[in-house]
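Biologist: I am new to this structure, and I would like to learn how its features are read. Could we go through them slowly, one topic at a time?

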Amino acid sequence: MEKGLGIRYVYFLIFGIVAFSFIVKLFLLQVTENAYKQYADIYAIRRVVKYPARGNILDRKGNLLVSNEYAYDLLMIPSEAKPIDTLELCALIDMDIKEFEKLTSQVWIKIKEKKLSKSLPVPIAKDLGKDYFSSLQEKMYKYPGYFLEKKALRKYPQPIAAHILGYVGEADTSVIRKNPYYKSGDYIGLSGIEKSYEEVLRGIKGVKKVFVDVHNNEKGRFMDGLYDTASVQGANLTTTLDMKLQVYGELLMHNKKGAIVAIEPQTGELLAMVSAPSYDPNQMVGRNKRKYYPELLFDKNKPLYNRAIMDGYPPGSTFKVMEALVGQQEKVLFPNTIHPCGGGFRISAAHRVGCHSHPNADLRYSIQTSCNAYYCAVFNDIVKKYKTAKEGYDVWRNYCLKFGFGQNFEGSDIPNIKKGNVPSSDFYDKQYGKGGWRGLTVISLGIGQGELQANALQIANLACIVANRGYYITPHVGKKVNDVDLLADGQFVRYETGIDDPFFDVVIEGMYGAVNLPGGTALIGKMNNIVICGKTGTAQNPHGKDHSVFMAYAPRENPKIAIGLLVENAGFGATWAAPIASLMIELYLTDTITRPALEQHILQGNLMDSK
Amino acid sequence: MIGRKQQIIGNIDWWLFLAYLFLIFFGWINIYSASYSEEHASIFDMSVEQGKQFIWICICLGMGVFLLLFDAKLYHVMSFIIYGAVLLSLILVLLFGQTVAGNKSWFVITSSIKLQPSEFAKFATALILGRIMSDPKFSFSPGLSRANRFQIGGLSFNISKNGMWAILFVIIPAALILLEDDTGTTLVFLSFFLAFFRFGLNWLFLIIGLLSVIIFFSAILIPIYYVLISLAILGVIAFLFTKHLIGGWKIWLLMMVFFTGFALSVKPIYDNVLKEHHRTRIMVLLGKEKDMKGSGWNVNNSKMAIGSGGIAGKGFLNGSLTKLKYVPKQHTDFIFSTVGEEWGFIGSTGLVLVYLAFIMRMIWVAERQRSMFSKVYGYCVACIFFFHFFMNIGTAIGLAPAVGIPLPLVSYGGSSLMGFTLMLFVFLKFDSQDMHILR
């Protein structure tokens, strides 16, 4: 029994040693160890979204078209916000104090109505640039509950290609509802390449969870970063655009309204897309956007409007090229077919489609001189070939669609291409009653006028078809995502027009003549060292001076560039459109300009206010 | 004649009772703090842990008073029946039980009332050990008279048939609980061995046990040759200086063979028998690896919360890491992290000291029992409390491997609170009856 009493002390010793070592360890942890002290005044866990920078956009030669620049949003977490020196903060962020107070009181009203969560950050000021950041950063400790969130904004080293590059903006509620990836305040590509390559360019958002103390300082990472995810920058997109050509195109179109589209025929690659007037894409970024966007939106010249892919103008005489090909394919037109001109085409005793005076033409010469009467006859012959006008018209219309007219090039990565208009036979049935119309009724279609509407992209595509002798590839602007070649990857499809190869000979001959031979309508565009094939056009404009239209490709053998352009209110196609196209071709193929006088003439032209 | 009620109250060990009240109350307010959220701000909110724990506390206090009314002899008589019933329930729970938090050890009565029979297995085992070890003929060492039983450090290595029975009564429920995948509670059954030394189990076993643990870890960490060489040197020294203590060269040789064999088998067992998460836990404990996703992560966060408490703590309901639910299982297995953060070094040391006093008092009270039955029972209960105390707080501060067992009376959990209340109040009853007879 006595020994038994003693043994309890062995137990006391064991228990005591354990308790003592606990106390020593606690002393080490809580009193001497400093590693954990930083967590002593932890106040909250903040979820910081790490926005990836969007991918860069490059031109076909690797020149940077779009890159990024960092900016900061000032956010407030209502539940953590303390009364602060609002006057000072507003001065720092360049904000009206009344606006600030209105904003915060609205936030509190929404919280009361349970429309907002107290613990979720609310943006106070957005897109603060580097200058704001440096002065704000030192003062942030004074504003508990407020913090800065870094993000990347778009930056355009050259103020070009605004329309085709497009712009980014905050995702609106309809997008957020449809796609859970986007949260309120997130950026999304809203137009142009930014829109069509949104998923490639946007990258992957990351999240960082951090501890913060009452003084708004970060105090280390929550769970040692276990729940953090890295943000991944968006992929770089190499476009098919040629920066130098794009810059030059915009320069030539300065003080003019209209559009230029240049395409590499064999590949369908967009080399340049100019819509004038344009704007500096940097104006649509961050804080600038708030200032400039309304200005641009209400500008009477509609600079935000991409004229290259809009619903368009009548294609005018450029359409005759297609007409000549279809006529041959339908066996109603042959190279030696002669239609009398005599200054116009008689529809009836009272009506006549006018033409300028020139000798009677064969097919080649009709293109070179752009004879209206000739093509009215061709159109009429095509329609007449079939039993009813409707049937014949539908055959003709089907060719138009195959040539890309009345189409928006589905599968193209150029967003928002408008179809233009090639009226259906039903339209004319309604207009004139069933069977109440003939080829002659709608004869103006034959020379690219009437209800026809086309845009510069479709006209450039027509030039591609001739250059390729019968096919085109969906016009597109994306070349490579990272290192994956999109065309080789099968993203863009080849379309056949159904016109046989031999029929192109005489048409090409005619287009050659239009630029290079006496009597040609576009002699002004002639060059000595490069053979350009082209076709002028004039789009009738009931509101004022006609629009100048031109399409061309070069060189004649093994073509490298096809171009379609439209200059508003510029009159006859040869005066403005043809020289611009010629200069563009020269720059692209030779990298130099040998005709400074012509260039100067174009640059000085101001067609902005002419009507 | 004093009334029966007064007898009970008068003879209760008030120190143990007050410590019990302190621990459950302190536990409750820390559970409140650990589960606190603005939606459930009331300490009596029955939909969350603090409210449920309050109900359990009321039930347990009522049960405690009720237990004091029974005659202590009842437990002596009933011990086999209780043990049998618990074994049956352990088997049934294996067949029909449900898995909660990885352990198939729960009877689900309603969605909010779940019972864990393993919590009651400790009580039943302590009772049955009291029963068989109070037999006058019981001894761990064969051939020794009862009078010699309390000798420290018996020389013989053999274990009596009785002793084997006692060990078997521990191993059976432990094995069943291991089948439930509840490693933590299984390990708790080791605490009975700690109690056995009081009743004549050779201390050499403890030394062998400790040495085995050291060899185990060394064999994992350093090349086996070093272990064997160290073992040989140690063996020679032991042979030269303690030959007379360990009872001749035969036993020495036997021990050398055992340890060599053990050392050689550690690595293959570690690599092939243990599962990946066991290996990770061992490595984390040894500081070789930072397992930031499993147990090491819990321990790291717990240490961080405790360390951030500083000397005086952040104050009740002000533990920011606790409020942010930063430490997993912070109202059960890691309740100590809440204590450490909110009450600081002063509070957590205070809790350790109160606990130490509580367990020492149990040993003290056990030792004063004249009935062998209640003495054995008391030691068993004290050792169970100690084991939980050691493993739970040890885990929270990174001194013991994370096995996942609650801190008795403090952690959240109805079964656990009930099991420990049962154990303690039965012991209080034994003591009060003993004291009454003494008077």
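**Salt bridges, contacts and a surface patch**

Modeller: Over all chains the count comes to 33 salt bridges, a salt bridge being a side-chain nitrogen of Lys or Arg within 4 Å of a carboxyl oxygen of Asp or Glu. This is a predicted model, in which local features need pLDDT of at least 70 and side-chain atom pairs count only at pLDDT 80 or more, while totals for chains, interfaces and linings use all residues. Residues are numbered from 1 along each chain as its sequence is written, chains are lettered from A and ligands numbered from 1 in the order in which they are written, and side-chain values use heavy atoms, with hydrogens and water left out.

Biologist: Which residue forms a salt bridge with Asp426(A)?

Modeller: The partner is Lys390(A), and the closest N and O atoms of the pair are 3.2 Å apart. Helices (H or I, at least four residues) and strands (E, at least two) are DSSP runs, numbered from the N terminus. Asp426(A) belongs to helix α15 (residues 425-432) of chain A and Lys390(A) to helix α14 (residues 389-402) of chain A, so the pair ties together parts that are 36 residues apart in sequence.

Biologist: How many residues of chain B are in contact with chain A?

Modeller: Contact means heavy atoms within 4.5 Å, and by that rule 47 residues of chain B are in contact with 37 residues of chain A. Buried area is the accessible area (1.4 Å probe) that two parts lose on being put together, summed over both; here the two chains bury about 4000 Å² between them, 78% of it on carbon and sulfur atoms. In chain B, Met304(B), Leu324(B) and Phe345(B) lose the most area to chain A, together 13% of what that side buries.

Biologist: Which polar links and which helices should I look for between the chains?

Modeller: A polar contact is a pair of N or O atoms within 3.5 Å, where within protein one must be able to donate a hydrogen and the other to accept it, and residues adjacent in sequence count only if both atoms are side-chain atoms. Between chain B and chain A there are seven residue pairs in polar contact, both residues at pLDDT 80 or more, whereas the count of salt bridges between these chains is zero. On the side of chain B that touches chain A, α8 (191-196), α13 (295-308), α14 (320-323), α15 (335-367) and α16 (372-396) of chain B each supply at least two residues, and the largest share, 14 residues, comes from α15(B).

Biologist: Where on the surface of chain B is there a nonpolar patch?

Modeller: A patch is made of residues with over 30% relative accessible area and no salt bridge, like charges being joined within 9 Å and nonpolar side chains (Val, Leu, Ile, Met, Phe, Trp, Tyr) within 5 Å. Phe66(B), Leu69(B), Phe70(B), Leu74(B), Val77(B), Met78(B) and Ile81(B) form such a nonpolar patch, with about 620 Å² of accessible area together, computed by the Shrake-Rupley method with a 1.4 Å probe, only the protein chains shown counting as cover for residues. Helices α3 (49-69) and α4 (73-96) of chain B each supply at least two of its residues, and α4(B) gives the largest share, four residues.

Biologist: Which peptide bonds of chain A are cis?

Modeller: Among them is the bond from Ala276(A) to Pro277(A), with omega near 0 degrees, and Pro277(A) lies in the loop between β12 (269-276) and α10 (286-298) of chain A. The bond from Ala554(A) to Pro555(A) is also cis, with omega near -15 degrees.
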